[in-house]
Amino acid sequence: MPENTANRSDTNSRVAFDLAPAMADEVDRILAITDLGSKPEVFRRAFTLLRIHVEAAERGREVYMVDPDRPTEKFIITLPFNVRRRTE
């Protein structure tokens, strides 16, 4: 029987999924206008932003987007899922 490595901290996990054509085009667009070097790097960076959102929501905080030219205008960034608040 194959060894289950999903919970081992000393191995890398691999994720593979199909992209809809529109999403594939957007990933290519992001690669073309940034210095990100690969599709996996795009998703690693995106995952970092997801972690920031989840950690903020866990603590009951919000994530904002601010235009440097209009610092008093703030736009809340929300994602379409719920996060359980941390009880401390």
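**Model.** I am working with a predicted model, in which local features need pLDDT of at least 70 and side-chain atom pairs count only at pLDDT 80 or more, while totals for chains, interfaces and linings use all residues. Residues are numbered from 1 along each chain as its sequence is written, and side-chain values use heavy atoms, with hydrogens and water left out.

**Helix pair.** I looked up helix α1 (residues 21-33) and helix α2 (residues 39-58), whose axes come within 10 Å and cross at roughly 95°. Helices here are DSSP runs of H or I with at least four residues, numbered from the N terminus; axes are lines fitted to C-alpha atoms over the stretch in contact, with angles from 0 to 180 degrees between N-to-C directions. I noted Val27, Asp28, Ile30 and Leu31 on α1, and Lys39, Val42 and Phe43 on α2, as the residues making the contact (heavy atoms within 4.5 Å).

**Salt bridge.** Lys39 forms a salt bridge with Asp28, with 3.7 Å between the closest N and O atoms; the rule asks for a side-chain nitrogen of Lys or Arg within 4 Å of a carboxyl oxygen of Asp or Glu. Lys39 lies in helix α2 and Asp28 in helix α1, so the pair ties together parts that are 11 residues apart in sequence. By this rule I record four salt bridges.

**Pockets.** A pocket is an open set of points on a 1 Å grid over the protein atoms alone, where a 1.4 Å probe fits, with protein on both sides within 12 Å along at least five of seven lines, and lining residues have an atom within 4 Å of a point. The largest pocket holds about 470 Å³, and its lining includes Arg14, Phe17, Lys39, Phe43 and Arg44. I looked up the second largest pocket next, at about 290 Å³, and found among its lining residues Phe43, Phe47, His53, Val63 and Ile77.

Conventions
Helices (H or I, at least four residues) and strands (E, at least two) are DSSP runs, numbered from the N terminus. Grid points are joined across faces, edges and corners, and a volume is the space filled by probe spheres set on the points.
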